[in-house]
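Here is a short note for someone opening this structure for the first time. Please read the points in order.

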Number of protein chains: 2
Amino acid sequence: MAERSTPEKQARIDMQRAREQSEVDTALVRDFAYGGQARWEEHAHVVDLLSKDPTFDHRYRVYLTRKERFKESLKLAKRMHDLQDKHGWTDAQFRMAMENVGESSAYSMHYVAFEPVLRSQASDELLAEYGALIANRGLLGCYLQTELAHGTNVGGLETTATYVPESKEFVINSPTFTSRKWWIGAAGKLATHGVVSALLILPDGKNMGPHLFFVQLRSLDDHRTLPGITLGDIGPKVFGGFSTIDNGYAVFDHVRIPRYYMLSKFAQVTEDGHYRQPPHSKISYGGMLYIRSTMVTGGGWTAAKAATIAIRYATVRRQGSGTPQGLEEQIINYPAVYNRLLPVLSRAYVLLLLGRHLEKAFSAMNEGLARGDTSLLADMHATTSGLKVLVTTAVAQDIETARRALGGHGFSDFSGLGKIYANYIPTTTFEGDNYVLDLQVVRAAVKAYKRYASAPHSDPSTLPPTARYLRLLSEQSAADKATAGWTDPHTSVHLLEQRAAHMIREYAKHENDLDASAPQRVSRAATEAFVAVQVESFIQELPSQLPDKDAHILKDLLTLYLLVTVEGALADLLSFGVFPDCQQTLNGDPTGDLRRAIKRLELKLLPQAIGLTDAFGFTDWELGSALGVYNGAVYEALWDSAQTEPQNQTDVVDGYQEYIKPVLERGRRLAGRSGAKL
Amino acid sequence: MAERSTPEKQARIDMQRAREQSEVDTALVRDFAYGGQARWEEHAHVVDLLSKDPTFDHRYRVYLTRKERFKESLKLAKRMHDLQDKHGWTDAQFRMAMENVGESSAYSMHYVAFEPVLRSQASDELLAEYGALIANRGLLGCYLQTELAHGTNVGGLETTATYVPESKEFVINSPTFTSRKWWIGAAGKLATHGVVSALLILPDGKNMGPHLFFVQLRSLDDHRTLPGITLGDIGPKVFGGFSTIDNGYAVFDHVRIPRYYMLSKFAQVTEDGHYRQPPHSKISYGGMLYIRSTMVTGGGWTAAKAATIAIRYATVRRQGSGTPQGLEEQIINYPAVYNRLLPVLSRAYVLLLLGRHLEKAFSAMNEGLARGDTSLLADMHATTSGLKVLVTTAVAQDIETARRALGGHGFSDFSGLGKIYANYIPTTTFEGDNYVLDLQVVRAAVKAYKRYASAPHSDPSTLPPTARYLRLLSEQSAADKATAGWTDPHTSVHLLEQRAAHMIREYAKHENDLDASAPQRVSRAATEAFVAVQVESFIQELPSQLPDKDAHILKDLLTLYLLVTVEGALADLLSFGVFPDCQQTLNGDPTGDLRRAIKRLELKLLPQAIGLTDAFGFTDWELGSALGVYNGAVYEALWDSAQTEPQNQTDVVDGYQEYIKPVLERGRRLAGRSGAKL
């Protein structure tokens, strides 16, 4: 056997070779992924600055209790304000820095939820008094909606805001045990003020449903909880997620606030206690829709991190029987590994592009709303609901897929993927539980179907973008069954649109005897069809955005996304008979061609994988993973990380004298060897 | 609107009503689930005793650092030894108590891995010296196999044990950076001794591959690491899993051990350095197979916990539009909820029965092995490999499915399901990575297929149990396509066997151009067919084991397992044309019947769900979940749990003065409100 490199040296060599063989122009693709060179440079500048500041060294956080970690996160936020002053950052730059610091912050509740809702819905009077304080964080806010017994269903909230015309005040109250606000980020320990969602009760006792009220929670002198209010932290979260967020509870015992503290830009209570209707009840959805849409880009960057860590480790980890060179195989070359990881990589790029597309759609909708045009709102609501479900479900799974692809070492916290999963996973149940949102997606699709089906000669171009696939139900389009093979993205797009159209029709037909998972399957089919159409347009735009070579690589990557989506849709496609060669059964498996096409595409993409992950531009500090280090020195990184473990500061463990020694002595006694030299 | 009960009172009422409406005889079904009344009573007795002992109060553990938790777990183990002495527990009773204490212990490495391997493979000389000490835990052991650069592939281990005939010793050495033992439970801090897997090097330099050696690691006088050895903890695990296990590293610098420390029951090195072959090389697999088989029962109890917590919470949680009684709907009544949770419940029962079935098969195999009969070993290897993959993948997913079905509150650590997931998830990557084991399952199946296909007139009864479905490939059986409808379990079993048979044949046909996920799909199909056959036999045995009413309920539950398995296999069944009415496409979705049959069965089972979870016999102490409390008082339990949060011991948070106050003051200054009364 020839002299072999040791595994830890070979790992660096493997990483270097992978970089050399990649044809990706990482700088160009990186600018493309970030949406322009300027955005990338701004990002890189901030990351460079933060990563060199010892305040943001995250290596030791895992050893702290949650209480200690919360204090650390307060220190971090304080430092970030100092940096804002020092460097003269705009508010947007401050937020961007907070987003890239690798730890969620209770401060984010102020500028993500509290501030936007006040800006868009508070009266001029309220903003005149508090606007500047809010903008400069001279008070710190939170948004109090969810209660102990109510989450998604805001109609079931129990907190009341009763108007008292005599004093021109609202009385905020928690009338039942279960009406206490719960899960409220920053309400436990940080926030001094909050926007409270409460049932508006008029003097005649009439319940006008949930409305928003500005309420002070803590003293600005000493941070103590104000009289009549009870605040606290609701305790730790699963997997150690959101440990630096003080998700809290708040109980109100007849707390009085002035009339103008009601957020009254769209609905008001007059001095004498009469209600004035808002001009358009849905106008306040804009904020929620925006939060959901940012989840697309956020999911993209999260999938990008998972893909980068896992693909880098799989490139340098060798395992299994030897190659002709006497080395074991790089695990990325095993079908079971690349077939799990390359789809994660493709989803990351798809979501980054889709997020940018949504940004533009949002601008258009907001320009419309500013003119009082609400025509784009309903479709945007369906789009963002469907995407929220599809993206968060898929990305959560991607992180675990990537982590498990790391094998045993993936269970080490130093893999970095555990933290990412822990902080990502609540997206599947918050901001609208995914299973509840599915119903909204299907409702919109069925509505579009019924309108279209009842007027069969109507123009397909009148279909809303989310339901454009329904045009395929008209006879002319149904004839269009020819496929150009799996390398043509349109083959997949057409199938996914057909699937969505058939499933919606079937759903509408059986609406009175649905099976139990129908809404989930139909919502998924509808949203996947919508995304597929966007992906096809992204592919068409590539040649104008990147040099040929990189455009081709990204075309392959986006096509992989489409093929894998079709593979996941096989049961639907086969059951509706729209899969190519579906009737050729018993001659063998008609899905084999698709699956082998996926494999061929993956093998074609494999040499580009490291280049495509490098193009995300993550630094080792951003990834926080011993297995995802840039230089491939994963074994040294694991070893160095283990040396930070507090248990390794002493040889003999704390507890030996009290708890281990007596057990060993007992055993020797029972074995009749008490005095023996051993 | 009529006077309504408050949500927290209604929750208790809902739970009580659910118990009243259930027809399950929980005592009888419980005895059945535990495998007899005696086993249940023994379990209940131990749980009662432990739950009353303050040492085993787990409510405050989440607030400790990992170092503190490890010390707590040492205290717990010490207490358990005291209880063993006090109550005169047998070793089996001691282990049972350790298994039910709700926290993994580094001590388990001693009796799960170290002790069994020594008992079965050490020489008589070694056992004479150490047997009694090992049995009484007068020394504490661990099993050192995995290394920094090698996991599943034991052939790639780098640690060496070189025989030196001059001194009749082996020299244990870690020759490279990556040869350090890694992930070794109990090696970090607890164990005094270990069984080390190392490449045996003979005096002539010949490498005989991995063999096992007994090595002392720490002094029995003061617990300090012995000279030439470096030990340490490898650091925290993802999601806080296994925080009480000191997974560690060990580095050996030419450590000398006597010749008889080699575990030499099956392979020996003579005094002058010659190797003696083991009589049967696979005989040592027994232990690993046993560990894998216990994962079936273990998975069953884990799924049972997840199902109990989620079904109880879903029974008392109300959400959504009001019912005619003015109450919101219990979420268990939503199809998206029961369709997620009842399959978890059914899997729990299937795995408990399957585990018991495996126990018997193991006894038969071991009796055979004792006689030198290894005929059952190969099939048992394929069976346990396939089941390990199927069970751990499914149960890990079940826990997350159950947790997400809890909605927002599922993200609270008090849900209890986060801890369960964190400690369960490594099963998917350890004891053989699931994706690697798939290859072994498929290899066995293809071998059976080729043997069967090359002798087409051979007797199907010669097929190994894991591949009996292959009989359907013979012409006579293929004609048997009639189905008796979805209520007959045999319909599902037949389809799942046909699917396995077709997929194996297709796999063998394309062996040189496989798609990338073929091994995973085929392994799954083969194992699901095997399990389906067992489930059918469990159903047939029910009437002799339970009264009619309970037998019928369990028949429905096990049938649900089969139907849901068929639903998951739809893409395969449709692509091979074996799904009933598969040719009737374009007339609508042929899978609708199956899916509606699932829904009908679920609706039938829904009133029994609480009874079926009660029959698992879990106490609140065992579940450790505020959302799974027996009496349904989930809101009080969440509130009480939150009061244990250390952050709630003070009103003003630690860090206010240093980090929050300056930020608020800065904001007031910037807003021009520094002196203002606010």
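1. Contact here means heavy atoms within 4.5 Å. By that rule, the contact takes 153 residues from chain A and 153 residues from chain B. The model is predicted, with local features needing pLDDT of at least 70, side-chain atom pairs counting only at pLDDT 80 or more, and totals for chains, interfaces and linings using all residues. Residues are numbered from 1 along each chain as its sequence is written, chains are lettered from A in the order in which they are written, and side-chain values use heavy atoms, leaving out hydrogens and water.

2. Next, the area. About 13600 Å² is buried between chain B and chain A. Carbon and sulfur atoms give 60% of it. Buried area is the accessible area (1.4 Å probe) that two parts lose on being put together, summed over both.

3. Now the charged pairs. The rule finds 12 salt bridges across the interface of chain B and chain A. A salt bridge needs a side-chain nitrogen of Lys or Arg within 4 Å of a carboxyl oxygen of Asp or Glu. R596(B) forms one with D513(A), where the closest N and O atoms are 3.8 Å apart.

4. Why does Q608(A) count as buried? Because its relative accessibility is 4%, and buried means under 20% relative accessible area (1.4 Å probe, protein chains only). Not counting residues up to four places away in sequence, Q608(A) touches S22(A), E23(A), V24(A) and I553(A).

5. Finally, Y349(B). Leaving aside neighbours within four places in sequence, Y349(B) is in contact with residues including V29(B), A33(B), L554(B) and F616(B).

Definitions and conventions:
Buried < 20%, exposed > 50% of the residue type's maximum accessible area, 1.4 Å probe, protein only.
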